[in-house]
Amino acid sequence: MTTTERTELPTADDLRVQVRQAFESVGATVTLGPPGAHPAGVPASTPITGDVLFTIAEDSPEQVDTAIAEATQAFSIWRTTPAPVRGALVARLGELLVEHKAALAALVTIEAGKIVSEALGEVQEMIDICQFAVGLSRQLYGRTIASERPGHRLMETWHPLGVVGVITAFNFPVAVWAWNTAVALVCGDTVVWKPSELTPLTAIACQALIERAASDVGAPASVSRLVLGGRELGERLVDDPRVALLSATGSVRMGREVGPRVAARFGKVLLELGGNNAAVVTPSADLDLAVRAIVFSAAGTAGQRCTTLRRLIAHSSVADELVSRIVAAYRSLPIGVPGADGTLVGPLIHARAYRDMVGALDQARADGGEVFGGERNDMGDEAAYYVAPAVVRMPAQTAVVHNETFAPILYVLTYDSLDEAIALNNEVPQGLSSAIFTTDVREAERFLGADGSDCGIANVNIGTSGAEIGGAFGGEKQTGGGRESGSDAWKAYMRRATNTVNYSSELPLAQGVHFG
Ligand code: UN1
């Protein structure tokens, strides 16, 4: 398989100019030092060329403590600000995101390597969640429950929780912050954000916009704080009892550490960890539609979404045709500079991602897999990792298939009965997203039923990636169980009080108890 070289790589200086322009547009004033300026700083790099573009001052652990203190202070004002007034802040953030959509998307492309359309889509996802959260600011409903006692009212009230620590990953460097922040802010919480070390520039740009929104509507400046640096800063958020909810996106390994540490201090966690998403293609499937959906979900974002399609479970009667159509589609996929017109697949984030991909493909071959694609074309730059997406026909779902490799590898397995397909879908330890391609309503409903897919997301005739913000987003098993974004995910960002009000002059006890 050959990759299609679209254009020459831009130079690091071209990209630096673009970053400075985007910073000017969003009003970010953080100093962008030359590479290597601060030995202890955060390098701002780009997978487009593999260069370090700038170095940014790193926050110290003490600065994290200060950020938490400031957010705690802001919370004391914010929690009693009426929710619809809190919504006005998020509405303003949404307006600023509309205004600066192109600038922020340019930074997403430079830092995460996303193609232009997907980078714009990510900013759109932020705008969408802001709109959702503004509506939510008038809909933080509690229930009234029938009391068993006369003259009593039983109800639930939802109150702000406190400071929310948000730890995000490189692959959705801005949208996942927005899911958490827009919802947390209308819920009356304040936020301290630690983004991935790989994406400080987009984070600084978001911070500039939220600070401006806060100043425009007269909200406390510290409703959302940003801390830049490595793992030890994240650990500070994990361990600090002032952080009421820790919302973390990342690997299963990270979640395994974070979850118990937060639980040990009785804090709340919301975990969005690895996925290992499958699509079942049945004999009745519309294959044209299935192929288009599969190629977007498996090769889009260079396989670096947590919702990326990693396993194809094809009925044995359609598997050969499906694989040859996917391989043909992959051959014509424009791979290259993500900012260039027509590119559909950009680079992997770094050398380690490439090594992981090579290692997984080697293991798959050793397990009897037949590999199509997966070659690297460094486009003339050793530090950049442009790879052709790979399709691997596997004789069985071996250990390598059970593992999430964050790269564009699509393992293909075959099945004969739907029970077998569902068992394969559910066999892996992760449980984020899944899909079935079928025109048979019985198959579709079976997949969505209680003994069907065990994932947090189960789709019909749609790929595994690209969820809308209106639904709750998250997954089961090692994916961590958290739900973010739409539906009633807001409840994770609030605390519930059950209130019983006695408006009678008697004191009846529940359960018919008599006392004295
Ligand atoms: C992620 O990859 O961490 O459903 C989030 C999707 C996007 C969000 C992905 N809306 O693919």
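**Entry: a loop near the end of the chain**

I start with a term: a strand is a DSSP run of E with at least two residues, and strands are numbered from the N terminus. I also note that this is a predicted model. I looked up its backbone angle. Phi of S487 is near 50°, a positive value in a residue other than glycine. I noted this because most residues other than glycine have a negative phi. I then checked the surface. S487 has a relative accessible area of 41%, so it is partly exposed.

**Entry: another positive phi**

I turned to F266. Its phi is near 60°, which is again positive in a residue other than glycine. I found F266 in a loop too, between α9 (252–264) and β10 (268–272). Is F266 buried or exposed? Its relative accessible area is 78%, so F266 counts as exposed.

**Entry: the two domains**

Next I looked at how the protein is divided. Domain 1 takes in 10–273 + 482–495, and domain 2 takes in 277–468. Domain 1 is therefore written as two segments of the chain, going by the automatic or database domain assignment. The C-alpha centres of the two domains are 30 Å apart.

I then asked how many residues meet across the boundary. On the side of domain 1 there are 20 residues in contact with 24 residues of domain 2.

I looked for charged pairs across the boundary. The count between domain 1 and domain 2 is one salt bridge. I also looked up the salt bridge between the side chains of R305 and E118, with N to O at 3.0 Å. Five residue pairs are in polar contact across the interface. On the side of domain 1 that touches domain 2, α4 (101–112) and α5 (116–136) each supply at least two residues. I sorted the residues of that side by type: 10 are nonpolar, five are polar and five are charged.

**Entry: K114**

I stayed with α4 and α5, and looked up the loop between them, where K114 is found. Where does K114 stand, buried or exposed? Its relative accessibility is 4%, and buried means under 20%, so K114 counts as buried. Its side chain has a partner. K114 and E122 are joined by a side-chain polar contact of 2.8 Å. I listed the contacts of K114 beyond four places in sequence. They are V108, T109, A119, E122, N171, F172, T301 and P338.

**Entry: salt bridges**

I counted salt bridges by the rule and got 25. I picked a few to follow.

E99 and R212 meet through their side chains at 3.8 Å, N to O. E99 is in helix α3 (residues 83–99) and R212 is in helix α7, so this pair ties together parts that are 113 residues apart in sequence. R212 has 29% relative accessibility, so it counts as partly exposed.

D320 and R393 also form a salt bridge, at 2.6 Å from N to O. Here a helix meets a strand: D320 lies in α11 (residues 319–331) and R393 in β15 (residues 390–393), so parts 73 residues apart in sequence are tied together. I checked both ends. D320 is exposed because its relative accessibility is 53%. R393, at 22%, counts as partly exposed.

R483 pairs with E476, and their closest N and O atoms are 2.4 Å apart. R483 is partly exposed at 23%, and E476 is partly exposed at 32%. I also noted a network: R231, E235, D239, E257 and R261 are joined into one by salt bridges that share partners.

**Entry: I210**

Why does I210 count as buried? Its relative accessibility is 1%, and the cut-off for buried is under 20%. I looked up what I210 touches beyond four places in sequence. It is in contact with L89, L93, W177, L185 and S224. I also took the distance from I210 to E382. They are 172 residues apart in sequence, and their C-alpha atoms are 37 Å apart in space.

Notes: Residues numbered from 1 in each chain as written. Predicted model: local features only at pLDDT ≥ 70, side-chain atom pairs only at ≥ 80, totals over all residues. Heavy atoms only, no water. Buried < 20%, exposed > 50% of the residue type's maximum accessible area, 1.4 Å probe, protein only. Contact = heavy atoms within 4.5 Å. Salt bridge = Lys/Arg side-chain N within 4 Å of Asp/Glu carboxyl O. Polar contact = N/O pair within 3.5 Å; in protein donor to acceptor, adjacent residues only side chain to side chain. Helix = DSSP H or I, 4+ residues; strand = E, 2+ residues; numbered from the N terminus. Nonpolar A, V, L, I, M, F, W, Y, C, P; charged D, E, K, R; others polar.
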